[in-house]
Amino acid sequence: MDKDLQEEQSTGIIKFTPPLYKQRYYFIKDLVGKYRPKKVADLGCADCTLLWMLKFCSCIEVLAGLDICASVMKENMHRLSPLPGDYLQPAERSLTVTLHHGSVAHKDPCMLGFDLVTCIELIEHLEESELKKFPEVVFGFMAPSIVVISTPNSEFNPLLQGVTLFRHPDHKFEWSRLQFQSWALETARCYDYSVEFTGVGHPPTEMKNVGFCTQIGVFVRKYPQTSESAQSEKPTETVYKMVFKAVYPSLKDEKYLQNAVISEVIFTAQIIKRNLLNHLMSEHEEYNDDPTERKSKFHPPMNAFSEDLGKLVVEKSMVPFVDGNMVYIPLTAIFSFPKVNQLCGTFEKLCKLIAGKVTLSSDGSAVMLNTEHKNEEN
């Protein structure tokens, strides 16, 4: 997968904005948005830029990269590691990213089960023997629902300054539109796929007959894999070498979910406590101003809290109160806040996740916070 300098810069005849390599990546990102695959593999991932872009797509749970050059992947694989913010605010989805060193001419079971496989500016780097094996590996063995293949359109080359034969010294060939379409249609026929042709990198209006600078084939499998076809002739021997693996923190992991729930419960309880104490303070000042108006029972007005809490205080069991130097915030009130409810799902799970982690009343029905301003977390 190349970021050809001829494509990124002004050529004297043509300039691509954004650069052509970015247009290819945006094409894949749009395709992911349309089909929402859960598992995506990028063959010929090189510097991992496409994988880095795709890790932000919320539908993807598994990302895998494969390249014949391990050194380039190792130089850039740090971009795929979780950031501190990923641990502070774990996502709801799980995400695992792996990088593998190997050839697309070889079969490895680690590449089975993917929904989308991308081959961006890859096939033109393959030797003839590798290109012959490529369709069977990708379409026969891996057999994903969708395969995207991009490759240079040789008809566009006369418009690129400095290009005499091929756009990159490592290219073994560059196909015209007819050559690519002939190969793609035959491959699709052999493995029961349909294929549509498009591309990125528009030519000048007066030269539109040359087609896109990068031609793209989008292959869609016609029939779902049966369990028999999925298991037939699938080797179990590992031939690729894994060079990187990252498992992102996720709320599907009980440990991260518990931390998120505890944090949200304490945050919510602190807000309720602050509003309650502020209201009691204003009542105290009102009492000092007019001792004839004594409030025998606390009923917080609807505007004393947030709109959400205002709806909660209708039920007596959900009303927070002060006893001595402790504030009691019923768990039922905390659970009714949208964020807590969304995280836990059920009241029983809320109780389970905070048990022993948050200070509760003797009957376990309310969070206890000290009226003093100090850290109430255990």
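The structure is a predicted model, in which local features need pLDDT of at least 70 and side-chain atom pairs count only at pLDDT 80 or more, while totals for chains, interfaces and linings use all residues. Residues are numbered from 1 along each chain as its sequence is written, and side-chain values use heavy atoms, with hydrogens and water left out.

View 1. A pocket is an open set of points on a 1 Å grid over the protein atoms alone, where a 1.4 Å probe fits, with protein on both sides within 12 Å along at least five of seven lines, and lining residues have an atom within 4 Å of a point.

**View 2. The lining of the largest pocket.** Of the 17 lining residues, P90, L251, A260, K339 and L343 lie nearest the centre. Helix 5 (84–88), helix 9 (254–289) and helix 12 (338–344) each supply at least two lining residues, and helix 9 gives the most, with 6; helices (H or I, at least four residues) and strands (E, at least two) are DSSP runs, numbered from the N terminus. The lining has 9 nonpolar, 4 polar and 4 charged residues, where Ala, Val, Leu, Ile, Met, Phe, Trp, Tyr, Cys and Pro count as nonpolar, Asp, Glu, Lys and Arg as charged, and the others, Gly among them, as polar.

**View 3. The salt bridge of E121 and R24.** The two side chains meet at 3.5 Å, N to O, a salt bridge being a side-chain nitrogen of Lys or Arg within 4 Å of a carboxyl oxygen of Asp or Glu. Because E121 lies in the loop between strand 4 (116–120) and helix 6 (128–142), and R24 in helix 2 (residues 20–35), the pair ties together parts 97 residues apart in sequence. The structure holds 8 salt bridges.
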